[in-house]
Structures are given as C-alpha cells and as structure tokens.
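Hi everyone, thanks for making time. I'd like to walk you through one model today, so please have a look at it with me.

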Amino acid sequence: MTGLLVVTAVPAEADAIRAGLPDPSVAITPVGVGPAVAGAATARLLALAEAAGRPYRAVVSAGVAGGFRGRVAVGGTVLGTASIAADLGAESPEGFIPIDALGMPPALLGGGSVVPADPELLAALRAALPDATIGPVLTVNTVTGTAASTELIAGRYPDAVAEAMEGYGVAVAAAQAALPFAELRTVSNPIGPRDRDAWRMREALAALTEAASALGQLAPGLSRVPSPTRDAAAGPGAAPSAGSPPARTRTPSGS
Ligand SMILES: O=C(O)c1cccc(C(=O)CC[C@H]2O[C@@H](n3cnc4c(=O)[nH]cnc43)[C@H](O)[C@@H]2O)c1
C-alpha cells in the first residue's frame, strides 16, 4: 500500500482519477456525497489501515466542484489552501456567525471551521499543477442554488474559489489522525442559480484525469520508509507534512 489516500464522493470521480494515475498502489476510494459520510468513511479507512500496520501518510479530497464566477473557470482546476465548513455556525439578524466565533471552548471545536491544507503537500501539488487556481474551498451541506445565496456566500468568503460537499469532512478525519491533507477540485459548474444545462461534467472529469498525474508525482515521496532519526529531529510538536510520517500529537478525543 502506498502512503496516499485519495477520497472522492462518487465512483465517476474515482474512475477519472484512476485514468490519469495508473498507479495501483495509490488508494482512490469513493465514499459518498456530503461532509458527514466523507468524514466518517475517511476516518474508518485511516483507522483500518493503521490497525493493519500500514498507515496512510497523507489524504487528498478530490472531485468536481462549483466555481465562483470570476474566480475560476468551468473546467479549471483548483487547489485548496484551506477547506472551510461554510455553513457551520449560527444565523443571526446581523448575518452568519462561524462556529469559531460562537464562544465555545476551543477543545469542543476540533480544528474549527477552517482546516488549512498541509503546506508541503500543497506546495508539491502547486508545483505539479502550475495552472491551478489556488484559494480556499468551501464545504457546504446544501449546493448553493439561488442568486441571493450566491451573493451571500461569495461576500462572506471573498477569497474562496470553489464550493463542494466533502473537503472539510475529509480534512477533519485527516487532522484527527494527524495526517497531511489537501483538496483538489475541478470545476463542473458555476456557483449560481440552479441550472443543470450549465453543468460540464465531462469536461470536469477530463480535467480531473489530467490533474491526477500530479498525485502520481507525490506518491513516491509518500511511500518512503519512516526514518526515526530524521522524524525525531522534527520535534514532538512538529506538524505532519507530505514528506514526514504523522506525529501522533492528538487523539480522536482531542486529549
Ligand atoms: O441538482 C442540482 O441542482 C445539483 C447542483 C449542484 C451539484 C449537484 C450534485 O449532486 C453534485 C454534488 C457533488 O458534486 C460536488 N459539487 C459539484 N458542484 C457543486 C456545487 O456547485 N456546489 C456544491 N458541490 C458541488 C460535490 O462535492 C458533491 O460531491 C446537484
């Protein structure tokens, strides 16, 4: 088993990635649509691999997404600098309040509503995909589908480039396992009023196949044998990265 786990929502996305990444040692697994199923399934896959003594070393959430008009083109490729739970919080008459701003003890929030991509993993993907649009990717439970909600979410996240439905869930599972994480998306539709005719799924899946070769370039580095000397030198609090095995700095219970 290689060290890389690529999680998609649906089999068509997994097939598109396999077509561009004919490396049977990279695990490419469709797990379902939405952050809850994606997070739970990813956590289970990571735990099973760890229990079998063959832990993964990095996790990528990949698939199609909606793109914010003017920020990324349909058919374009996106690399997430962070995966953001865009609807995790509270409404108020003054507007949406992210969960991080509700005054809850940090221990109850896990990583909060924003999970940054692992810097080294992101840098490696950027190098392999120089034309990709870089920026935060939102995770939503409900596909944005009216002019009003599009304006709201675009205004609330002015730097976000795309929205999808799994990244944050997968990111939380990776963070709980102290593993590097990144999100790779290709744009199937503009975010906006619901219009199935505007969907370019074939184009987005073809772009996913093209982008998948970047994941192949990561795999050799991820499958190296851990070096206790080098990895100890990173220190106990060192953040995990694509080039190093996970530091077990936290447990799923956060203790
Ligand atoms: O029927 C619709 O109106 C509709 C509109 C957008 C997306 C869907 C889906 O069922 C796809 C969900 C699936 O694809 C990803 N995805 C693709 N585009 C978007 C989007 O604009 N907003 C959120 N998610 C999107 C998502 O990650 C899911 O896996 C149906």
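I'll start with the ground rules, then go through the pocket and the ligand.

This is a predicted model, where local features need pLDDT of at least 70, side-chain atom pairs count only at pLDDT 80 or more, and totals for chains, interfaces and linings use all residues. Residues are numbered from 1 along each chain as its sequence is written, and side-chain values use heavy atoms, with hydrogens and water left out.

So, the largest pocket. It holds about 540 Å³ of space. By pocket I mean an open set of points on a 1 Å grid over the protein atoms alone, where a 1.4 Å probe fits, with protein on both sides within 12 Å along at least five of seven lines; lining residues have an atom within 4 Å of a point. There are 31 lining residues, and Val143, Met165, Ser188, Asn189 and Trp199 lie nearest the centre. Which element gives the most to this lining? That's E10, with four residues; strands here are DSSP runs of E, at least two residues long.

Now the ligand. Around it are 16 residues, with Glu163, Glu166, Asn189, Arg194 and Trp199 coming nearest; "around" means a heavy atom within 4 Å. For polar contacts, pairs of N or O atoms within 3.5 Å, Glu166 puts a polar side-chain atom 2.7 Å from a ligand oxygen. A polar backbone atom of Met165 is 3.0 Å from an oxygen atom of the ligand. Gly66 has a backbone N or O atom 3.2 Å from a ligand nitrogen. The protein buries 82% of the 560 Å² that the ligand exposes when taken alone, by Shrake-Rupley with a 1.4 Å probe.

Notes:
Grid points are joined across faces, edges and corners, and a volume is the space filled by probe spheres set on the points. A polar contact is a pair of N or O atoms within 3.5 Å; within protein, one must be able to donate a hydrogen and the other to accept it, and residues adjacent in sequence count only if both atoms are side-chain atoms.
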